[in-house]
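Trainee: I've never looked at this one before. Could you walk me through it?

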Amino acid sequence: MKDHNHILHNVDSDGIDRRGFFKCMAWAGTGVLWTVSGGVLVSKTLAQIAKAGSLPAATDLSFLQISDSHIGFSKDANKDVTATFRIALDRINAMPTPPSFLIHTGDITQLSKPEEFDTFDQLLKSCRTKDVFYVPGEHDVLNDGGKLYRERYLRSVEAKGSGWYSFNKNGVHFIGLVNVLNLEAGGLGQLGDEQLEWLEADVKGLGADTPIVVFAHIPLWTVYPQWGWGTSDSERALGYLKRFGSVTVLNGHIHQVLQKVEGNVTFHTAMSTAFPQPAPGTAPSPGPLKVPAEKLRSMLGLTSVQYKQGNSALAVVDSNLS
Amino acid sequence: MITFIRKNKKAVLLTILVVLNFCLAAWGNDVARGAAAGERQNKIEIKDFMFNPPTITVKSGETITWINRDEEPHTVVSVGKKFQKSSALDTDQEFTITAGEPGTYTYFCSVHPKMTGTIVVEK
């Protein structure tokens, strides 16, 4: 791991260094658990955890993030994305303690086709965990501004505007944001004024000790603007969350694990279950990354998140599908 | 040395093509305006998340065709909704419009808004 720890984008060096946090980029396939111990961020590989048995034993809430299933994709980078998605579901079903619910951070489908959504829904039926919360990826809203997506995936929530919402579970406040619609030429992902005003009002009445989990498709931090990997007005959103002691931001879109800690905010991106994408700036474009067949599953995966009341930080654990 | 000659050859060929094109256009104007206009190929290739060429100059009434060579879907959307937008183009799918009023039109991919292009329509 040590070799891979380095700062990707030192957007705001204030605060973090003072508090003694370090920033780290955890690459896909490593499986890292992040906890805050005595104010210092500590990472452990899954192998270390297995050895020491130090995974949080009793948790009040555990949920799972899946992302970028891209059902309908059939190019060289992965000719069978339903098979790899099925493996991810098998992994979830095999967990000794099933997660309370799943969060899907977008790009359910490749081309927003009804039959692709159908296939996804059909596959998901085999999952033991039935509650799933969604946010759309740009691939889910291609031709209809997200109408079909909203009809299918927002039934269990009170969604506003183009599909954002919040809910509470075990004292944790969850916020699902949409940053893939009404994008402007030359720009990045965008939340828009209406959604930001809603967000400000949504968190207004909450105590600063309420743990916050924000999930959206495109990263809410500037990962690599040259490839559009960022959200133009995310700073404003994070401004409304500044007073909270624990904020966990879960994103997809870039098909690889990246993590950054800024003050009380932990940013995390998940692997895809379909195909990897190149590390920022290492290819001519962010298109699907072709890897040898035997390597593919090590670059796909899911993210488990655990919360124990009294512990301010949520433990975020990535595991791959190999 | 060889490359130099090759480049030269290319340049000669290009000149011939350009001249030919002018002749055709002139012929088109005199004899059959519509047909000749339809024959000119204004192609924009979408590759590596870029529109290539990023700027294209066409004559009013000519067609412009985009073809997506990426494994990622892309769209063609006019800034300010000046012309009809494409649906999501999958790999090797095409989208064609006919250039209308003279002017400068900018467009982008609504899926990857960093991707932008310009169409200059001349009379």
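This is a predicted model: local features need pLDDT of at least 70, side-chain atom pairs count only at pLDDT 80 or more; totals for chains, interfaces and linings use all residues.

Trainee: What is the order of the elements in chain B from the N terminus on?
Mentor: Chain B comes to two helices and eight strands. Read from the N terminus, the order is α-α-β-β-β-β-β-β-β-β.

Trainee: In what order do the four strands of the open sheet in chain B sit?
Mentor: The pairing in this open sheet of chain B is mixed. The four strands line up as E2-E1-E4-E6.

Trainee: Why is one side of E2 and of E6 in chain B left without a neighbour in the sheet?
Mentor: Strand E2 (50-52) and strand E6 (94-98) of chain B each have a single partner strand. One side of each therefore has no neighbour in the sheet, because both stand at the edges.

Trainee: Which residue in E4(B) is the bridge partner of Ile46(B)?
Mentor: Strand E1 of chain B covers residues 43-47 and strand E4 of chain B covers residues 63-68. These two pair in the parallel sense over four bridges. In E4(B), the partner of Ile46(B) is Asn68(B).

Trainee: How many charged residues are on the side of chain B that touches chain A?
Mentor: The contact takes 16 residues from chain A and 18 residues from chain B. By class, the chain B side has seven nonpolar and five polar residues, and the charged ones come to six.

Trainee: What share of the residues in chain B is buried?
Mentor: Here a residue is buried if 20 or more other C-beta atoms lie within 10 Å of its own. Of the 123 residues in chain B, the buried share is 25%.

Definitions and conventions: Residues are numbered from 1 along each chain as its sequence is written. Chains are lettered from A and ligands numbered from 1 in the order in which they are written. A residue is buried if 20 or more other C-beta atoms lie within 10 Å of its own, exposed if 12 or fewer, and partly exposed in between; C-beta atoms are placed from the backbone. Two strands pair if DSSP finds at least two bridges between them. Two residues are in contact if their C-beta atoms, placed from the backbone, lie within 7 Å. Ala, Val, Leu, Ile, Met, Phe, Trp, Tyr, Cys and Pro count as nonpolar, Asp, Glu, Lys and Arg as charged, and the others, Gly among them, as polar.
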